[in-house]
Amino acid sequence: MLKRAMVLVRSFSVHWGMRSVQEIREFALRRAGELGFVAAGVAPVRPALHTEALAQWVAQGYHASMQFMARDVRRRCDVRAAWPWARSVLCLAAGYAGRAEDSDVAAAGRAEESPIARYARGRDYHRVLKSRSRKLADELAAQVDGLQTLCCVDTAPLLERELAAAAGLGWIGKNACLIHPQCGSYILLAEIILSVELPADAPRPDGCGDCTRCLEACPNGALVAPYVLDARRCNSWATIENRGELDGERFKLAGQVFGCDLCQRVCPHNQKAAGGMEELAQPHGQVGRADVAMMLTWSAQEWDQATRGSAVRRAGYEGLLRNAAIAAGQCRLPQAAAALARLATHEDDCVAAAARWALARCLRR
Ligand code: B12
Ligand code: SF4
Ligand code: SF4
């Protein structure tokens with residue numbers, strides 16, 4: 001009798017509705033590829049390996065102004081703390097590298113490279129990845145009786161890189177980014193939390209070896225140790241999340257006005273990266289094609305029009321003007337002088353201060 005009961009329990013735990021967990025897994029991975037994700041894998045639900053690293057990161061103040069990172073640290077490190085029904089996580093990665101020739105332009109640091117970080121040149125990835133992962137979650141729910149799912153992109157309290165590494169999508173590089181062995185780190189992450197325990201993937205081995213190029217390439221020393229980023233020194237934080245003044249002496253933007261790709265550009269695993277999900281890899285709207293001098297001339301309405309459907313909106317109108325002014329000053333762009341002179345009396349103090357600083361540099365011989 002006991003033996004029979006055990007057999008029943010075992011077969012219940014591997015079959016959901018009419019499908020075995022192996023079949024569900026295969027279906028999910030196949031459909032993820034068909035929906036345009038470059039990599040997919042399953043992570044087990046367990047407390048994070050880097051819980052202590054995150055607690056230390058917050059204790060050091062490395063989260064800068066991002067209070068959401070300091071809140072509920074333990075919860076962020078345990079999927080089940082937030083979603084007790086979770087049994088496994090389907091991790092997804094979408095490429096965004098863009099045209100192959102862009103890599104060469106970036107490597108040479110030429111001025112025609114867009115000043116927007118690559119991940120934000122296409123359509124807003126939150127929307128693109130959410131809609132594709134929802135489609136996949138709906139298809140799974142239609143196949144599996146009683147399945148609960150939750151789609152997450154960026155904003156949920158999860159350690160997305162650690163989950164992706166646990167799901168075998170790649171390894172965490174010394175620049176803190178998740179690196180796929182073929183696609184490099186120009187990939188964005190999404191997850192579908194599942195109430196079914198699917199067989200998990202094996203993690204991949206480290207691919208950094210004794211390379212330290214990213215640590216040396218950061219112009220502000222924000223990578224304070226391998227795998228550890230101090231956001232207070234990072235251009236990405238300064239141009240996207242920072243709502244105060246932007247100090248042009250402290251943050252070396254290298255011509256970028258939204259986000260920063262410097263520690264990824266130098267990575268040997270990104271040198272051949274190209275293509276990706278169409279909507280992410282193609283420039284979206286005017287902001288994906290504009291240069292610094294043009295951005296400085298935008299009115300609030302023009303900014304609104306140029307950034308519709310783009311992740312660049314996160315910086316806000318004044319934030320983008322402030323960043324563009326600092327970038328123009330650091331690059332000493334003579335063609336930006338007239339716009340900077342107008343912005344020097346802008347009603348927003350941060351924009352005005354940035355424009356005055358930049359104008360002085362542009363006019364200095
Ligand atoms: C806060 C945040 C930021 C902050 C802080 C970045 C940071 N490194 O923490 C700022 C604004 C600076 C930022 C910048 C960028 N971000 Co961001 N960001 C996030 C967010 C919301 C949370 C990250 C986090 O948990 N940070 C806390 C630190 C402690 O964790 P971590 O960086 O993941 O580091 C892990 C490892 O370093 C590991 N670790 C610690 N010690 C050790 C030791 C060893 C040996 C190993 C192996 C690992 C290890 O522990 C940590 C936790 O697992 C995630 C989305 C999410 N919910 O996860 C996106 C996310 C990480 N960002 C993303 C992107 C694209 C970027 C930028 C590339 C954008 C840009 N071009 O400007 C840069 C990259 C900067 C960089 N080199 O990390 C992607 C990364 C994709 C990828 N391939 O890795 C994510 C996953 C968003 C997404 N859904 O795709 N980001
Ligand atoms: S994103 Fe830029 S500023 Fe931030 S760590 Fe990388 S190179 Fe440094
Ligand atoms: S530049 Fe080198 S050390 Fe840094 S992430 Fe790439 S391979 Fe790793």
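This report describes the domains, central strands, nonpolar core, ligand surroundings and selected local features of a predicted model.

## Basis of the description

Residues are numbered from 1 along each chain as its sequence is written, and chains are lettered from A and ligands numbered from 1 in the order of writing. Because the model is predicted, local features need pLDDT of at least 70 and side-chain atom pairs count only at pLDDT 80 or more, whereas totals for chains, interfaces and linings use all residues.

## Domains and their interface

The protein is divided into domain 1 (2-208 + 275-282) and domain 2 (285-365); such bounds come from an automatic or database domain assignment. Across the boundary, 10 residues of domain 1 are in contact with nine residues of domain 2, contact being defined as C-beta atoms, placed from the backbone, within 7 Å. The side of domain 1 that touches domain 2 comprises four nonpolar, three polar and three charged residues. In this classification Ala, Val, Leu, Ile, Met, Phe, Trp, Tyr, Cys and Pro count as nonpolar, Asp, Glu, Lys and Arg as charged, and the others, Gly among them, as polar.

## Strands β3, β4 and β8

Helices (H or I, at least four residues) and strands (E, at least two) are DSSP runs numbered from the N terminus. Strand β4 (residues 88-95) is joined to β3 by six bridges, and the two run antiparallel. β4 also pairs with β8 in the antiparallel sense, over eight bridges; pairing requires that DSSP find at least two bridges between the strands. Within these pairings, V42 has L90 of β4 as its bridge partner, G41 has C91 of β4, and C91 stands opposite E191 in β8.

Burial is assigned by counting other C-beta atoms, placed from the backbone, within 10 Å of a residue's own: 20 or more make it buried, 12 or fewer exposed, and values in between partly exposed. Eight of the eight residues of β4 are buried, so this strand is largely enclosed by the rest of the structure. S88, L90, L92 and A94 point one way from β4, while V89, C91, A93 and G95 point the other way. Strand β3 (residues 39-44) is likewise largely enclosed by the rest of the structure, because five of its six residues are buried.

## The nonpolar core

In soluble globular proteins, nonpolar side chains tend to be buried together. The largest nonpolar core here has 114 residues, and those with the most contacts inside it are C91, A94, L296, A325, A328 and L340. A nonpolar core is a set of buried Ala, Val, Leu, Ile, Met, Phe, Trp, Tyr and Cys residues joined through C-beta atoms within 7 Å. This core draws at least three residues from each of domain 1 and domain 2.

Leaving aside neighbours within four places in sequence, C91 is in contact with A40, G41, A43, L163, A164, A167, L169, L189 and E191.

## Ligand surroundings

A residue is assigned to a ligand shell if its C-beta atom, placed from the backbone, lies within 6 Å of the molecule. Around ligand 1 there are 36 such residues, of which H50, E160, E162, S236 and G259 come nearest. The elements giving two or more residues to this shell are α3 (51-59), α9 (160-166), β8 (187-194) and α11, with the largest share, four residues, coming from α11. By class, the shell around ligand 1 has 25 nonpolar, five polar and six charged residues.

The residues surrounding ligand 2 include A217, C218, C234, S236, C260 and C263. Both α11 (235-241) and α12 (262-265) supply at least two residues of this shell, which divides into nine nonpolar, three polar and no charged residues. Among the residues around ligand 3 are C208, C211, C214, C267 and H269; the shell around ligand 3 has six nonpolar, four polar and two charged residues.

## Local features

Most residues other than glycine have a negative phi. D72, although not a glycine, has a positive phi of about 50 degrees; D72 is found in the loop between α4 (67-70) and α5 (73-76) and is partly exposed, with 13 other C-beta atoms within 10 Å. A254, also not a glycine, has a positive phi of about 55 degrees. A254 lies in the loop between α11 and α12 and is partly exposed, with 18 other C-beta atoms within 10 Å.

C331 lies in helix α16 (residues 316-331) and counts as partly exposed, with 19 C-beta neighbours inside 10 Å. C331 and R361 are 30 residues apart in sequence and 8.9 Å apart in space, C-alpha to C-alpha.

Notes: Contact = placed C-beta atoms within 7 Å.
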